[in-house]
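Work through the exercises below with the sequence and the model in view. Each task is followed by a solution in steps.

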Amino acid sequence: MPLPDDEKIIALSNNLLKEFDAIFGLHAGFRRAHAKGQMLTGTFTPAQSAQTLSRAPHFHLPSTPVTARFSNGTGIPLIPDPDPNASPRGFAIRFNLAERVHTDIIAHSTDAFPAHTGDEFLEFVRALAASSSSTASPSPVEQFLATHPAALAFVQAPKPAPSSFARENFFGITAMQFTNSSGNARFGRYRLVPSEGTDYLDAATLATKPASYLFDELDARIARASIQFRLLVQLANDGDIVDDATIQWPSERTQVEVGTISLNARVADSDHEQKHIIFDPIPRVDGIAPSRDPLLELRAAIYLISGRRRRSAPEN
């Protein structure tokens, strides 16, 4: 995946990465965000309805191998799983279509994002970096939230701690355009729904959990049986805004079930593979195209720049 030609996007990406370093510290070989993670392998099996939505190859093949990564929020590799800052959690899936041919989904456990544009997101992150518990009120981030309702809604959105990564919902926050074999196109957003349903911990139970309870539980769970998620696409109606990740569509919008993701094994040498893999928020596959959301090119650039830095760090 190439870096964009737009010098402004490259500069904005580097400025954001600098702010992440200021907030979370420098951790060579780890992601600047969602640093603590675990990788699994499995398969994607499409539903019949997937073929009516898109001509994308993995929607038509009998099955496709996948590589997935669950993660905590922040760029702190050892952040305790019960820490409130570990949410939103992350779930990234790579559909391995052929040698060096793939398409990815990147999803979060909060169905929202704090900014519409990269410049706005940089302003938010800088306000976070300039604020602490000892900063006089109103702090820079409090001032930012007072004038940016989408960011305030994101911060205030409930972020309960799941009992397992396998019992959490995940959302693709940016819209994609799905085009089928007849040329019919619809915008939609991915949703990943756990087959076992969601399950969250109350505060008293969460307080008893160890620092890596989610990752320990993941290893134990995968040893017993596969982890399954239903992959859905929530479709936009005519008139819905499809290029702004801060605006969510009404819950009654049609959802198409496009298949099942089954994860059945831990990736061998997971630490090395996590360092190497660079997920791509832009689909880059026939039948699924990016919307005009301004965050997509920026996120792709950030992931690539950060990934190259991560790969260049010495092995532990």
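This is a predicted model: local features need pLDDT of at least 70, side-chain atom pairs count only at pLDDT 80 or more; totals for chains, interfaces and linings use all residues.

**Exercises on side-chain contacts**

E196, E217 and R221 are joined by salt bridges into a network.

**Exercise 1.** Classify the ring pair of F70 and F91 as stacked, edge-to-face or tilted.

Solution. 
- Step 1: A pair of aromatic rings is described by how far apart the centres are and by the angle of the planes.
- Step 2: The ring centres of F70 and F91 are 4.4 Å apart, and the planes stand at 15°.
- Step 3: Centres within 6.5 Å make a pair, and planes under 30 degrees apart count as stacked.
- Step 4: The pair of F70 and F91 is therefore stacked.

**Exercise 2.** Find which strands hold F70 and F91, and decide whether each residue is buried or exposed.

Solution. 
- Step 1: F70 belongs to strand 2 (residues 64-71), and F91 to strand 3 (residues 90-98).
- Step 2: The two residues are 21 apart in sequence, so their pair ties together separate parts of the chain.
- Step 3: Buried means under 20% relative accessible area.
- Step 4: F70 has 0% relative accessibility and counts as buried; F91, with 1%, is buried as well.

**Exercise 3.** Describe the salt bridge between R191 and D111, and state how accessible each partner is.

Solution. 
- Step 1: The closest N and O atoms of R191 and D111 are 3.5 Å apart, and the cut-off for a salt bridge is 4 Å.
- Step 2: R191 lies in strand 7 (residues 185-194), while D111 lies in the loop between strand 4 (101-108) and helix 3 (118-129). The partners are 80 residues apart.
- Step 3: R191 has 15% relative accessibility and counts as buried. D111, at 23%, is partly exposed.

**Exercise 4.** Which parts of the chain does the salt bridge of D219 and R266 link?

Solution. 
- Step 1: The closest N and O atoms of D219 and R266 are 2.9 Å apart.
- Step 2: D219 is in helix 7 (residues 213-224) and R266 in strand 9 (residues 255-266), 47 residues apart.
- Step 3: D219 is partly exposed at 27%, and R266 is partly exposed at 43%.

Note on methods: Residues are numbered from 1 along each chain as its sequence is written. Side-chain values use heavy atoms; hydrogens and water are left out. Rings of Phe, Tyr and Trp (its six-membered ring) pair if their centres lie within 6.5 Å; planes under 30 degrees apart count as stacked, over 60 as edge-to-face and the rest as tilted. Helices (H or I, at least four residues) and strands (E, at least two) are DSSP runs, numbered from the N terminus. Buried means under 20% relative accessible area, exposed over 50%, partly exposed in between (1.4 Å probe, protein chains only). A salt bridge is a side-chain nitrogen of Lys or Arg within 4 Å of a carboxyl oxygen of Asp or Glu.
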